[in-house]
Amino acid sequence: MPSKVDGDHWVVDFTSPEALKAGDIVQQLVDNDLASNASYADPGVFKTWDLGTTIAMTTSTWQLPIYSTNFPKSRGQWQLADSPVFDTAKPQTSSNFDVLAVLKGCKYPDRAAQFATWLSSSKESLTTLTDPASKSGLFPAVTDVSPYVDKIIPTEMFNGKSDSANVITTAASRVGEQWQYGPNYAAMYSEMQKQWGKVMKKELTVEDMLTSIQKWTVDDLNGKGIKAVAGS
């Protein structure tokens, strides 16, 4: 767990045994020139993937509806699969969810809370939000996602090569609480992007990056008046 709240402070742990174990896998990919430098920040990233130069990539449910129109050459040649895990007996899926909040000063907080509840839990709302035809295709944070999965799967993209719905519902059932986003996550991510470039150029190891990012994050939080300590 990179970060968590402990009493009155944050514990930032990018160098835990688990993080370093995962980092070693990434290091092997980099060392053997198996990691692509294509990213979502690149305007032509879809074309790069569509041309068949990438054999695997991570994705999330909300991205699925946009693939069919952006992968014209490789449409029908992809399939969904579970992400590899270290502990097959206790697999977990990482995830993040949007949060709805009623701001202080809201004129009608009760009505706002009622609307937020309806938006996040009613069948009418969720059916609309999970339908790509509505230009949304969001994935609901509900216990049973099965009624909403089929609409977000671009069947022409996967062409029935895997039980996509089962892959998604199984992954959704394994979402854990192992990840918490810290209050300076956006700034940390920006700093990590800079250092990741050095990792890809083999100027920095993954472990060095994790160690540096941990110190940077702790210093940044404390500099902003938020108590934080290094976990390891």
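**Ile25 in a nonpolar surface patch.** Ile25, in helix α1 (17-31) of this predicted model, is partly exposed at 39% relative accessibility; buried means under 20% relative accessible area, exposed over 50% and partly exposed in between (1.4 Å probe, protein chains only). Helices are DSSP runs of H or I with at least four residues, strands are runs of E with at least two, and both are numbered from the N terminus. Together with Leu29, Leu34 and Phe86, Ile25 makes a nonpolar surface patch of about 390 Å². Patches take residues with over 30% relative accessible area and no salt bridge, joining nonpolar side chains (Val, Leu, Ile, Met, Phe, Trp, Tyr) within 5 Å and like charges within 9 Å; areas come from the Shrake-Rupley method with a 1.4 Å probe, and for residues only the protein chains shown count as cover. Residues are numbered from 1 along each chain as its sequence is written, and side-chain values use heavy atoms, with hydrogens and water left out. Local features need pLDDT of at least 70 and side-chain atom pairs count only at pLDDT 80 or more, whereas totals for chains, interfaces and linings use all residues.

**The salt bridge between Asp33 and Lys202.** The closest N and O atoms of this pair are 2.9 Å apart; a salt bridge is a side-chain nitrogen of Lys or Arg within 4 Å of a carboxyl oxygen of Asp or Glu. The two residues come from distant parts of the chain, 169 residues apart: Asp33 from the loop between α1 and α2 (45-50), Lys202 from the loop between α9 (185-200) and α10 (206-223). Asp33 is exposed, at 60% relative accessibility, and Lys202 is partly exposed, at 45%. Neither is a glycine, yet phi is positive in Asp33, at about 55°, and in Lys202, at about 65°.

**Phe71 and Phe158 in the largest nonpolar core.** This core has 16 residues, and Phe71 and Phe158 touch the most other members. A nonpolar core is a set of buried Ala, Val, Leu, Ile, Met, Phe, Trp, Tyr and Cys residues joined through side-chain atoms within 4.5 Å. At least two residues each come from α2, α6, α7 (155-158) and α8 (164-173), with the largest share, three residues, from α2. Leaving aside residues up to four places away in sequence, Phe71 is in contact (heavy atoms within 4.5 Å) with Phe46, Trp49, Asp50, Met57, Trp78 and Met157. Another core, of 13 residues, lies apart from it and includes Trp10, Val12, Val30 and Val206.

**Strand β2 (residues 9-12), covered on both faces.** His9 and Val11 on one side, and Trp10 and Val12 on the other, are all buried. In a regular strand, side chains alternate between the two faces of the sheet. Strand β3 (residues 228-230) pairs with β2 in the parallel sense over three bridges, pairing being called where DSSP finds at least two bridges between strands. Val229 in β3 stands opposite Val11.
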